[in-house]
Amino acid sequence: MRALKILTSHFFNRFFQNETIPFKEAAVAKVVSLLSILAVLSGALAYWENLKYIVAPLLFPYVAGMKETSWKENFMFLSFSMIIMGLISLIEWDEIFVKKHDLSNLSLLPIKGITIFTSKALSLAGFVGLFTFSMIIFSSPIFGLGRAKAYGNSIGLFLKISFAHGVSVFASNLFVFLFIMCLSGLLILLMGERKAEKLSVYFQAVAIVLFLSFFGIFDKLYSEVSLSNVNKLPISLFPPMWFTGLYEELVGINGEAFYKLFFKGVVAIVFLMLIFIFEYFLLYQKQTRAISRKTIHTAPMMSKIESTLNGWFFTNPLQRAIFQFIKTVMGRSRKHRLVFSLYISVVAGIFSVKIARLLYSGSFHSVFLYQFIHLFSLAIVLGFRMVVDIPWFIRGNWVFKITENNEKQNYLKGIKKSFFVLYLFPGFLVLLTLYSLLWGFKLAFMESVYGLLSSLILLELAFTKYKKIPFSCLTVPGKMNLHKFWFFYVLGIYVYTFILGFIGKLASEKEIYFLLIYFLIWVLFVVIKRSSLKKNWELVYEESPEPVVMNLGLRDV
Amino acid sequence: MTLIVKNLEIRYGALKAVNNVNFQVEGGEIIGYLGPNGAGKTSTLKALAGILKPTSGKILFNGKEVWNDVYSYKTMVGYVPEDAALYPYMSGYEYLLFVGRLRGIEEKTLKRKAENILSIFGLENYMHLSIDSYSKGMKQKVLISSALIHNPDIILLDEPLSGLDSFTVFTMREIIKGLASKGKIIIYASHILEVVERLCSRVIIINRGKILADENVEKLKELRRSASLEEVFKSLVVERDPAELASRFLTELEKNEGA
């Protein structure tokens, strides 16, 4: 019992003390403030939704007509809470399952497997419960008040509705959490713990953007759902509707219309729970077997591609060292992957939302599709440029100082070549595949080459005066002053991508134009190359703010 | 091969860490560089490694001022810093490949060297594990290997044996002797006087940034009329009686016990 208590608390605390959420100091205060913000936000949303039921009866006695639509507010609230819970679960994605190193530590202690499972399950339930509690503490009474007002002021009804609201929020949150848990488990089972950990951040980032994009369809949903279509497709497949069904069943007012939806919600939760238990035990078995087996650590297989690259693409040992360093940091530092993936996922999110509309309307040659190639190239270059400025392990940097040599250009060449090999080229291959489906290979290829070449110009510009070794320099934050100039940045990005996209669209009419564009880009590339850093510059290991930045207070420190 | 240090001075603000230090080392010599904490040993070694520019003075290697072309000089130096951090998420093998590449060693030679060196140090079964799972001694072995992998002419060792097991200590001693016999310049900074006495042909004792003695070990013992290097060191550097300090410490412990 004591072990169960300690383990549950350990797993629970780890949700707030991990690499993604490093609440090491004043963890309780930070969690409480986070939950308070969520409680106030949920309360405010509930109040805003129920205002008409609370205030209107005083002003408009005919408010009774609103009775039939009042479940819609709960549907909207559940959609909101599920998105928030989804986002929270995605952030904690890596902490959901017991890890191999947990088991290798716990296997030394006299703790049964079932105790580990129970403590993990309790910590997960506690986590969902905690966030649900903060979401319902204000919102449930407000819902109770609103609907009780609409149906006559009865305390019994108030309590019943508040309870129904609380239960439906908990069930919907549990569903989202279980859904994301099962996805995480599936990824680990399919790819193995190490590979899944490396890739998970990209899944997380894309899923976060997709979840956020649901906010964009809130108004449409609200106006389209009605009591007559709740059981029709596609509304009936939308999970918040299932838990609105649960709410209505518990309240008992529109129970009949919502029975099928309520049933779907219950089945979904039970189904996901069974999958979770199945995945958990499968993983547990796999991990225990891996621990008990004597592992012989052999060299990770270097792919033929990598050996070839080391042979002819990275022509100098220093370039190879920089490639190795970038690959290691991006492969093993979650923080760096997370920042980089945010840039990619924003673009992926925009693309996925936009492409769905374009496919629906059949306009495959919209300027947006041409513009998107350059938006992608800009995001990937900017993301990389930002991420190399985040230090990795500063204390290890002495090795660069003692080995520093005069071939400084090779540090820069190493960075640019690594970016090309690791991100730019594979990224454009994916883009080429996608666009080939839309436009056919020939045009997709020409546009992709155009995008790739313009990315090289961007890359040159981004690293023109770069005097650092990636991930090794303590940088001064806030130099971009995003809080002041964000509008101009957004405008700049739009204008840049629109112009290049427009040129791409024009060129698509005559192939010869592409050759002219390629030539012009090549000329520009040579000019920029010539203006970049020459020999005899010093590597910077610690950035100090420029006096003008200090004096004018143009930075956030 | 000659390394000459002339009027070397290193300041950190108002603090003079190294004050007018002069010495000369020939190829094949193993110099013991001794001094209490804060004496200026590490600062001198950093300057000799080409990573800390002296405030004044000269460092000449084969007659050339090293700071005129510090990058070429660095290619000839191997430095084992005290308590150096290694990138924790690289394996020992990856770390050696990484340093070797930074040092400009060609790929084939590098891979062979990295594998063989780590095997010699008994790390063949651990070389592909990440460094953060290594013991202090294993990390030290990787550190030493990374300092020597490019076969440098000048070897600067700052407490190189710290954390190593006795067998590796014996091996390291033989390696250092072997390197000296090949004409390399070796400067060995340590607090373990017994090892220095056995290994070094000459010792330099430094305190508060100034050289107090620079002599052959035997001659130094003769001059100071001491039986061991430890006694020489005590007579030159130690200002307070260790026995008296120890007795005060023990008395203090007993007082606490009584309370």
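Q: Two strands pair if DSSP finds at least two bridges between them. On that basis, which residue of β9(B) does B:Tyr33 stand opposite?
A: In this predicted model, the residue in β9(B) that faces B:Tyr33 is B:Ile204.

Q: How many bridges join β3(B) to β9(B), and do the strands run parallel or antiparallel?
A: There are four bridges between β3(B) and β9(B), and the two strands run parallel.

Q: What is the strand order of the open sheet in chain B?
A: The sheet has six strands in the order β6-β7-β8-β3-β9-β10, and its pairing is mixed.

Q: Which strands stand at the edges?
A: The edges are formed by β6 (77-80) and β10 (210-216) of chain B. Each has a single partner strand, so one side of each has no neighbour in the sheet.

Q: By how much are neighbouring strands turned against each other?
A: On average the turn is 15°, with direction ignored.

Q: And which strands does α9(B) touch when it packs on that sheet?
A: Helix α9(B) touches β3, β9 and β10 of chain B, and its direction makes about 25° with that of β9(B).

Q: Staying with that helix, which of its residues are buried?
A: In α9 of chain B, residues 229-236, the buried residues are B:Leu229, B:Val232 and B:Phe233.

Q: Why do they line one face?
A: Viewed down the axis of α9(B), the buried residues fall within an arc of 100°, so they line one face of the helix. In general, an α-helix has 3.6 residues a turn, so residues three or four places apart point the same way.

Q: What covers those buried residues of α9(B)?
A: The cover includes β3 (30-34), α7 (193-199), β9 (202-207) and α8 (217-223) of chain B.

Q: Turning to chain A, where does A:Ser42 lie?
A: A:Ser42 belongs to helix α2 of chain A, which covers residues 27-54.

Q: Is A:Ser42 buried or exposed?
A: A:Ser42 is buried: 24 other C-beta atoms lie within 10 Å, and the cut-off for a buried residue is 20 or more.

Q: What is A:Ser42 in contact with, leaving aside neighbours within four places in sequence?
A: Its contacts are A:Ser81, A:Met135, A:Phe138 and A:Ser139. A:Phe138 is 96 residues from A:Ser42 along the chain, with 7.2 Å separating their C-alpha atoms.

Q: How is chain A divided into domains?
A: Domain 1 takes in residues 2-292 and domain 2 takes in 305-551.

Q: How many residues does the contact take from each?
A: Domain 1 of chain A supplies 11 residues and domain 2 of chain A supplies 14 residues. On the domain 1 side, they divide into seven nonpolar, two polar and two charged residues.

Note on methods. Residues numbered from 1 in each chain as written. Chains lettered and ligands numbered in written order. Predicted model: local features only at pLDDT ≥ 70, side-chain atom pairs only at ≥ 80, totals over all residues. Buried ≥ 20, exposed ≤ 12 C-beta atoms within 10 Å, placed from the backbone. Arc of directions from axis to C-beta. Contact = placed C-beta atoms within 7 Å. Axes fitted to C-alpha atoms, helices over the stretch in contact; angles between N-to-C directions. Domains from an automatic or database assignment. Nonpolar A, V, L, I, M, F, W, Y, C, P; charged D, E, K, R; others polar.
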